[in-house]
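Here is a short briefing for a first look. Please keep the sequence and the 3D view open while you read.

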Amino acid sequence: MFDKEIIDRIKSSIDIVELVGRYVNLQKSGSYYRGLCPFHSDSDPSFYVSPGKQFFHCFGCGVSGDVITFYEKIENLPFSEAVEKLAEIAGVELPKKYSVRTEYDKYTQSLNILAEAYHKELLSGKHPDVLEYLLKERGFSEETLREFRIGFSPGNRTFLKKLVSNFGVKLEELLKAGVLIKKNSDYFDRFSKRIIIPIHNENGKVIGFGGRIIPGETGSKYINSPETRYFVKGRVLFNLHRAKKSVKELDYVVITEGYFDSMALYEAGIENNVGVLGTNLTRQHLKLLKTYTNNLLFLMDSDSAGKNATLRSLDLAESEGFSTAVAKITGTKDAGELFKNEGPKALVDTLKNAIPGAVFRVDYLALKVDITTPQGKQKLLEFLIPTLSRYLQRADNAGFQLTVKAISEKTNLPIKEIIAVAKGREKPQKILRERSTFKLKQIEKDLLSIYFGHPELRSEVARVVDFLETSEAFRYLVKFIKKNQDFNEIIDEIDEKIGPSLMEAVEYSTDISMARKMLKDIETHVDKKIIREQIEEIDRKLRKVIDPAMKESLMIRRMELTRLLKRTLKGGEADGR
């Protein structure tokens, strides 16, 4: 049916490693790739793929072949259909003499005709309430409705009869696709009285539908076509065929929870977005996206289910080597509602304010515990130790550091202590037990006595606290100092564990001249610390720098700082510090 030249063109246009990698988690092994065989129960990687020779072989079950053989088997397709679908993927146009009416052709052609019929029905003027809902309530333009070929199923027999008589669609094909339901000798449209959203595969072929109930009707809010050999929700991403060019150019993709969220982003000018179809993000989804980008930005629903789905997706995506970020929606449930209520700018701004996935995970888990207590902090650490361990195992230093920093900011625990816990050198309960007394250092007590006793010096106190290595108790108080709050305001908000230490600092008072001297001594201490840190930074650069002029410049600056440090140690004048 297909001559050798056509077959060779298709095979040479497809990278077998990339295609197989959509279904099998492959790891490089010398000049080959290997993984668990998808064709038999395989516990030890026995499935090998050769990028040079463009073939695969399993040493466990013996199956082997080229890219076409693999696609036939993995998708359970006859040879002709496998060749046609691979030709689509490869961008190889088959000459008309090879045009065949495969099952895949019949399936996608029937659904394409049906999609067009649904679309024309929506725009026919017969259903103004449905059109008004989409244009006014959802905020979509007519151009977007045309782009996505949004339709409507009127749910009457006349519509189905016209479909057969006017377009030549066979009811048997629509039965196979799950669009029609047969009861006794009668046919019914699964999507009766629903807004219709065509679902395409990555090559732009219609392979299924989503149906949204119209206002005033009862039933499930959203339904999808039942799964078929060509439509599997865990392998399809809504809008990918339209978004893939933009995703590749921008090198990131926005992932939403469904069709209307995806359409809202498109309407707002954000074309590089895809939607999952009422299912969790899967490894197959990620394999599809890996072709276009390694960067994922999640914009999921803001309710508990949406946040849990985001958390699961983060774990899976990071395990597959993706870089992740999360855009948090506030004040509304999802992207579609945000667009409808506040307009496109609100969507764009939400994406601009996205945070790293690692930080989202800490923020979300911190809401499940009371982090004002040692027990809550311990629980948060215990939640996140497995995540930190995975980062270490994968040598994902960025994810590890972001998580540690976020934990430190939430709990006021020092970074070095969190790292010790993450690496198994300390137990969470031990570091928290040691820090649960909330004791203040003497220098911290001095600063508090100056702060409360002499309000005119508060701005100077607020300046130096950023440069001191302080206790957890004092870091807890710094937020109040930054707000210039009085004792009575602070005492009402703080934990009883720190209350006695604060009371002690307030009881200790001094006159203004002594307070100024104490503050000057503390500033001198801070200046020395800053100068020493600058000298250490120069020393680090000197060990790496090669350029003689740069090296000389660094040496001169080091000498200047050393002289400055000596003057400061001697208690030099202000201009000498």
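Which helices and strands cover the buried residues of H12? The cover includes helix H10 (240-250), strand S12 (253-256), strand S13 (273-275), strand S14 (295-298) and helix H13 (304-319). Cover is judged by contact, meaning heavy atoms within 4.5 Å.

This is a predicted model, in which local features need pLDDT of at least 70, side-chain atom pairs count only at pLDDT 80 or more, and totals for chains, interfaces and linings use all residues. Residues are numbered from 1 along each chain as its sequence is written, and side-chain values use heavy atoms, with hydrogens and water left out.

**Overall build**

- The protein chain holds 27 helices and 16 strands. These are DSSP runs, numbered from the N terminus: helices are H or I with at least four residues, strands are E with at least two.
- The radius of gyration is 32 Å, well over the 25 Å that the globule rule gives for 577 residues, so the protein chain is more spread out than a compact globule. The radius is taken over C-alpha atoms, and the rule is 2.2 Å times the number of residues to the power 0.38.
- Along the principal axes, the C-alpha atoms fill a box of roughly 100 × 60 × 45 Å.
- Among contacts with a separation of 6 or more, 63% join residues 24 or more positions apart.

**Surface and charge**

- Of the 577 residues, 49% count as buried. Buried means under 20% relative accessible area, exposed means over 50%, and partly exposed is in between (1.4 Å probe, protein chains only).
- The protein chain exposes about 28900 Å², and carbon and sulfur atoms supply 49% of it. Accessible areas come from the Shrake-Rupley method with a 1.4 Å probe; for residues, only the protein chains shown count as cover.
- There are 92 positive and 82 negative charges, and their mean positions are 3 Å apart. Lys and Arg count as positive, Asp and Glu as negative; His and the chain ends are not counted. Each charge is placed at NZ of Lys, CZ of Arg, CG of Asp or CD of Glu.

**The five-strand sheet**

- An open sheet of 5 strands runs in the order S1-S2-S3-S4-S5, with antiparallel pairing. Two strands pair if DSSP finds at least two bridges between them.
- S1 (27-29) and S5 (64-65) are the edge strands, each with a single partner strand, so one side of each is left without a neighbour in the sheet.
- S2 (residues 32-35) and S3 (residues 47-50) run antiparallel and are joined by 3 bridges. Tyr33 has Val49 in S3 as its bridge partner.

**Around S12 and H12**

- Helix H12 (residues 283-290) has His285, Leu286, Lys287, Leu288 and Leu289 buried.
- In S12, Val253 and Ile255 point one way, Val254 and Thr256 the other way, and all are buried.
- S12 and S14 run parallel, joined by 3 bridges. Val254 stands opposite Leu297 in S14.
- S12 and S13 also run parallel, with 3 bridges. Thr256 has Gly275 in S13 as its bridge partner.

**Two asparagines with positive phi**

- Asn76 has phi near 55 degrees, a positive value in a residue other than glycine. Asn76 lies in the loop between helix H3 (67-75) and helix H4 (79-90), and is exposed at a relative accessible area of 60%.
- Asn239 has phi near 80 degrees, also positive in a residue other than glycine. Asn239 sits in the loop between strand S11 (222-224) and H10, and is buried at a relative accessible area of 2%.
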